[in-house]
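We will go from stop to stop, with something to select at each one.

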Amino acid sequence: MGRQSEIGHLRLFDFRNYELLDLSFQKRFVVFAGPNGAGKTNLLEALSLLSPGRGLRRAPYGEMARQGTQSGFSVKASVRIASEETTVVTSVRLDGEGPNSRLVRIDETQAKSAEELLDIARIVWLTPAMDGLFTGPAGDRRRFLDRMVLSIDPTHGRRASDFERAMRSRNKLLSDNRIDDRWLAGIEMQMAELGVAMAVARNELVANLTNAIALADPDLPFPKAGLVLSPGFEEGGLDGPAVQVEDRYRERLARDRYRDAGAGRTLEGPHRADLEVTHLAKHMPAGLSSTGEQKALLVGLIIAHARLTSVLSGMAPILLLDEIAAHLDARRRASLFDLVGDLGGQTFMTGTDESLFEALGDRAQIITIADGAVREPREE
Amino acid sequence: MAKSIAGPEIERLIQLLAKLPGLGPRSARRAALHLVKKREPILRPLTAAMADALEKVGECSVCGNIDTSDPCTICRDPARDQSVVVVVEDVSDLWALERAKALNAAYHVLGGVLSPLEGIGPEDLTIRQLVERVSKGEVKELVIAVNATVEGQTTAHYLMDQLEGLDVRATRLAHGVPVGGELDYLDEGTLSAAMRSRTAL
Ligand SMILES: Nc1ncnc2c1ncn2[C@@H]1O[C@H](COP(=O)(O)OP(=O)(O)OP(=O)(O)O)[C@@H](O)[C@H]1O
Ligand SMILES: [Mg+2]
Ligand SMILES: [Zn+2]
């Protein structure tokens, strides 16, 4: 299947608890093992910077720079795509010399936007921070959904941030009590175009994902998830051709200016969407499932999405699975390793105990970490 | 803050240089040091050139371009089609289009885009001047070449609304300009293509 990207080398400079670190990866499964606080998640975070956004912790860049450094940090990775080597460097300067965000260079050329990273690799992650996804705020599920869309449709990120900007502009005019009809109409037109495009893309992802889940082997130890998207639009929702949905939304935005001014925010739009997940076999909302069931549902969802990404984008995604083995019993662990192996992409995992990865045998490269340093990969 | 290591004159120079786009405090320090070291070959001619610019360079009262004459060279150029006016956000966009030799037309510099978040309203831009210019009847076609950002698009929409009822054909610079792409950074080939394929609204 299509192109496959594999990270061959990683170099960190003043990133989190690493002053300088060089790692080479030889296998499709890489395990970072080591005690609490060793710096395992930090490594996954560094790898997650190979995708647009602020990485898997969504932390401010200032926090990623090693404490005590004044200049900033950099993360350099060599990625092999169909035997061709590409170098990606992300750097952040904190001394006021650079831009206020990260600078991405791909083969020595400054990327015009972070979206260019999606030509290099598609990165998908699962972290313990996502454990409360089904019970937590809708905003977390929207972000989860949008990242899933983004790894298939690279234009989605720009669309979402442009929508957000247009909406904030409208909110500002309304809260300033500046009801300039022409100006607001110009903004609301953007909101309608961008917002409906966002909703359509999300809808399409949910439909595709639902199909992918339906096709999955029913005997897997990861329960199937039912997905229902409520798109955030009132009267008529997403029914009808996109232009009509846009017109309806635009008209309602114009109508509801005073209501929204009173509320202090825009009450309708894709920013109010939610993704409802159910445990299909049990007909239970995912939020009411047991802790272990929720984790297994989430794993199933991530795997289905990874498979979908690889079918639709032609690139098998690189998976970052933080503490994945901890909540799964031996049978589920072995099954997970096989499923992930079948995807064909590279997978990075972490764990405090090497023995959790025994089922991988010599498929895995185990890298032992202690306190911001690495013990050379074991000789087999 | 680092303790000052040079006299106040140098510190002032560094502080001013640091206000230039693309220069942070560290590179401003480097530039200042370079200037005072290269006193005769650089500092003196630069000082003269800056005094000259301060004295002679100003904004064109017709289009907003920066030039030594008012109206500017472009506005006075009889070889240009003065009935076609390209509306740009900034003088840097005008210069980018000129470098690309994309169109033999006149310009109108808006001086920015509408941005509630940055507190820029219609009164801060030269929209009124543009409407007046068009009302005089000599302008037959407007090419709206604002950047494809949220603010750019909103401004274009606002402009179109203002121009309604006036006898002018308005087109948008559309193809080949990536969303969020800034005109100033486009390579010149892309720009010429974009200009040729501008679409009527
Ligand atoms: N900017 C920073 N500078 C220096 N150290 C940092 C910075 N940010 C985080 N750390 C430290 O990095 C260490 C490792 O964090 P990390 O989350 O990677 O650990 P871990 O190996 O995943 O541990 P666990 O098994 O508990 O999840 C922490 O002890 C933290 O204090
Ligand atoms: Mg961790
Ligand atoms: Zn002029």
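What pLDDT does chain A average, and what share of the residues score at least 70? Chain A averages 92, and 97% of the residues reach that score; pLDDT is the predictor's confidence in each residue, from 0 to 100. This is a predicted model, in which local features need pLDDT of at least 70 and side-chain atom pairs count only at pLDDT 80 or more, while totals for chains, interfaces and linings use all residues. Residues are numbered from 1 along each chain as its sequence is written, and chains are lettered from A and ligands numbered from 1 in the order in which they are written.

**Stop 1: colour by confidence**

In chain A, select strand β16 (residues 373-375), which has the lowest mean pLDDT of the chain's elements, 75. The highest belongs to α1(A), at 98. Helices (H or I, at least four residues) and strands (E, at least two) are DSSP runs, numbered from the N terminus.

Now switch to chain B, which averages a pLDDT of 85, with 83% of the residues scoring at least 70. Its confidence is lowest in strand β7 (residues 199-200), at a mean of 48, and highest in strand β2 (residues 66-67), at 96. Select residues 175-189 of chain B too: pLDDT stays under 50 there, and the model has 31 contacts beyond four places in sequence for them. Two residues are in contact if their C-beta atoms, placed from the backbone, lie within 7 Å.

**Stop 2: ligand 1**

Centre on ligand 1, which has 15 residues around it; a residue is near a molecule if its C-beta atom, placed from the backbone, lies within 6 Å of it. Asn17(A), Asn36(A), Lys40(A), Thr41(A) and Asn42(A) come nearest. Helix α1 (residues 40-48) of chain A gives the most to this shell, with three residues. Coloured by type, the shell has two nonpolar, nine polar and four charged residues. Here Ala, Val, Leu, Ile, Met, Phe, Trp, Tyr, Cys and Pro count as nonpolar, Asp, Glu, Lys and Arg as charged, and the others, Gly among them, as polar.

**Stop 3: two crossing helices**

Select α4 (residues 138-150) and α6 (residues 181-215) of chain A, whose axes come within 10 Å and cross at roughly 85°. The axes are lines fitted to C-alpha atoms, for helices over the stretch in contact, and angles run from 0 to 180 degrees between N-to-C directions. α4(A) and α6(A) are therefore roughly perpendicular to each other (65 to 115 degrees). Show Leu145(A), Met148(A) and Val149(A) on α4(A), and Ala201(A), Arg202(A) and Leu205(A) on α6(A), which make the contact. Five of these contact residues are nonpolar, none is polar and one is charged.

**Stop 4: where the chains meet**

Show both chains: 18 residues of chain A are in contact with 16 residues of chain B. On the chain A side, α5 (156-175) and α6 are the elements that give two or more residues, and α5(A) gives the most, with eight. The predictor gives the complex an ipTM of 0.80 and a pTM of 0.86.

**Stop 5: backbone details**

Finish at Asp70(B) and Pro71(B), joined by a cis peptide bond with omega about -5°. Pro71(B) lies in the loop between β2 and α4 (73-76) of chain B.

Terms used. Parallel < 35°, antiparallel > 145°, perpendicular 65-115°, else oblique.
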